[in-house]
Amino acid sequence: MLNESLNAFHTFVVVAFLFFFGGILGWIIELFFRRFFDKTNADRLWLNPGFLTGPCLPVYGFGAVALFSLSFVDAYIISRGGGGAKYYILMFVVMALVMTLIEFIAGIIFIKGMHIQLWDYRKEPGNIMGIVCPKFTFFWGVLAALYYFFLFPPFWRAVIWFIQHPWFSFFVGMIFGIFIIDCAFSMHLGTVLRKRAKEIDEKSALNLRQIHSYVRHGTSLSKFFSLHSEHYLTSKIEKFEEFIQRSPDSLKKD
C-alpha cells in the first residue's frame, strides 16, 4: 500500500511538472507568435495570450503531458525493435491529432461554458467551428517532432531526478497552489466581465428601441409639415435666386 501511494505521488509530481513546464513554454511561444506573426495584432503589441493572469496556457500543459506519454510509449516500442521512417511519420501524425483534439476540447469548454473564444480560425480553410483547422494541426505535428527529438530526452532525465529527489515536490505544490488561485481569480474576473457586457448590451438594446420610437414618432409628426410636391423646396429656392439676381431694369418693369 505504501509503495502504491508513493507511485501515485510520484506520478502526480511528474504530471504537474510536465503540465506547468509545457504551459509556461506554450505561453512564451504564443506571446511571441501574437507579437510578430498574428495578423489581427496590426499594432504589434505584447498581448497576454491566455485566459489566466499568470504566464501559463493550460492547453499546452495538457499537450505536454500527452506528448510525454506518447513519447514514452514510442520510446518503449522503438527499444523493442520497432521504428523506421514510416513509424515516425505515423507517430507525429497521431501526436498532431491528439494535440488538435485537446485544442478542440479546450475551445468548446471556453465557448460553451464561459462564452469566450480565445482564438478564431474561421478564416482558415477547413476549420471546424473556428476552433481547429488543418493549418494549425500541421504546426502541432511540427511542434510534436521538435518536442520528441529535443525536449523529450531532458524531460525524461528530469522525471528520473524528481523521483530520486521527492523534496522538490514542495516547489511543484507551491506552483500548483498559485495556479489554482489564478484559475479562481480569472474565472471570477471572466464572470464579472460577462455580467458587465450583458448589462451594456441590454442598455444598448434599450437605447436602440428608444431611437426607433423617436424615429417613428418623428415620421408621424412630419406628415403635418409635409411638402406640397417633391420639387416644392427646389422651386422656392430658384425663385429666391431670381429675385436676388434681378437687374435694376427688371425692377422698374415690376
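The second largest pocket of this predicted model has a volume of about 240 Å³. A pocket is here an open set of points, on a 1 Å grid over the protein atoms alone, where a 1.4 Å probe fits, with protein on both sides within 12 Å along at least five of seven lines. Its lining residues have an atom within 4 Å of a point. Grid points are joined across faces, edges and corners, and the volume is the space filled by probe spheres set on the points. Leu-25, Ile-29, Leu-67, Tyr-147 and Leu-151 are the closest to the centre of the second largest pocket among the 17 residues that line it. Two or more lining residues come from each of H1, H2 and H4, and H4 gives the most, with 7 residues. Helices are DSSP runs (H or I, at least four residues), numbered from the N terminus. The lining of this second pocket comprises 14 nonpolar and 3 polar residues, and no charged ones. For this division, Ala, Val, Leu, Ile, Met, Phe, Trp, Tyr, Cys and Pro count as nonpolar, Asp, Glu, Lys and Arg as charged, and the others, Gly among them, as polar.

Residues are numbered from 1 along each chain as its sequence is written. Because the model is predicted, local features need pLDDT of at least 70 and side-chain atom pairs count only at pLDDT 80 or more, while totals for chains, interfaces and linings use all residues, and side-chain values use heavy atoms, with hydrogens and water left out.

The largest pocket has a volume of about 1,400 Å³. Its lining consists of 45 residues, and Glu-30, Arg-34, Glu-103, Trp-119 and Tyr-121 lie nearest its centre. At least two lining residues are supplied by each of helix H1 (2–36), helix H2 (58–79), helix H3 (85–114), helix H4 (134–164) and helix H5 (169–222). By class, the lining of the largest pocket has 32 nonpolar, 3 polar and 10 charged residues.

Glu-30 and Arg-34, both listed nearest the centre of the largest pocket, also form a salt bridge, with the closest N and O atoms 3.6 Å apart. A salt bridge is a side-chain nitrogen of Lys or Arg within 4 Å of a carboxyl oxygen of Asp or Glu. Both residues belong to helix H1 and are 4 residues apart, about one turn of the helix. Glu-30 is buried, at 16% relative accessible area, and Arg-34 is buried as well, at 17%. The term buried means under 20% relative accessible area, exposed over 50%, and partly exposed in between (1.4 Å probe, protein chains only).

The whole structure contains 3 salt bridges. One of them joins the side chains of Asp-120 and Arg-122, at 2.6 Å from N to O. Asp-120 is partly exposed, with a relative accessible area of 41%, whereas Arg-122 is exposed at 56%. The side chains of Glu-124 and Lys-135 also meet in a salt bridge, at 3.6 Å from N to O. This pair links distant parts of the chain, with Glu-124 in the loop between H3 and H4 and Lys-135 in helix H4, 11 residues apart. Glu-124 is partly exposed at 22% relative accessibility, and Lys-135 is partly exposed at 38%.

The loop between H1 and H2 holds Asn-41, which is buried with a relative accessible area of 6%. The side chain of Asn-41 reaches the backbone oxygen of Leu-45 at 2.8 Å. Beyond its neighbours within four places in sequence, Asn-41 is in contact (heavy atoms within 4.5 Å) with Arg-34, Arg-35 and Leu-47. Phe-51 lies in the loop between H1 and H2 and touches Phe-110, Met-114, Ile-116, Leu-118, Ser-186 and Met-187, residues up to four places away in sequence not being counted. The C-alpha atoms of Phe-51 and Asp-182 are 9.8 Å apart, although the two residues are separated by 131 residues along the chain.

Most residues other than glycine have a negative phi. Arg-44, in the loop between H1 and H2, has a positive phi near 55° and is partly exposed at 30% relative accessibility. Met-129, in the loop between H3 and H4, has a positive phi near 60° and is partly exposed at 45%.

Notes
Polar contact = N/O pair within 3.5 Å; in protein donor to acceptor, adjacent residues only side chain to side chain.
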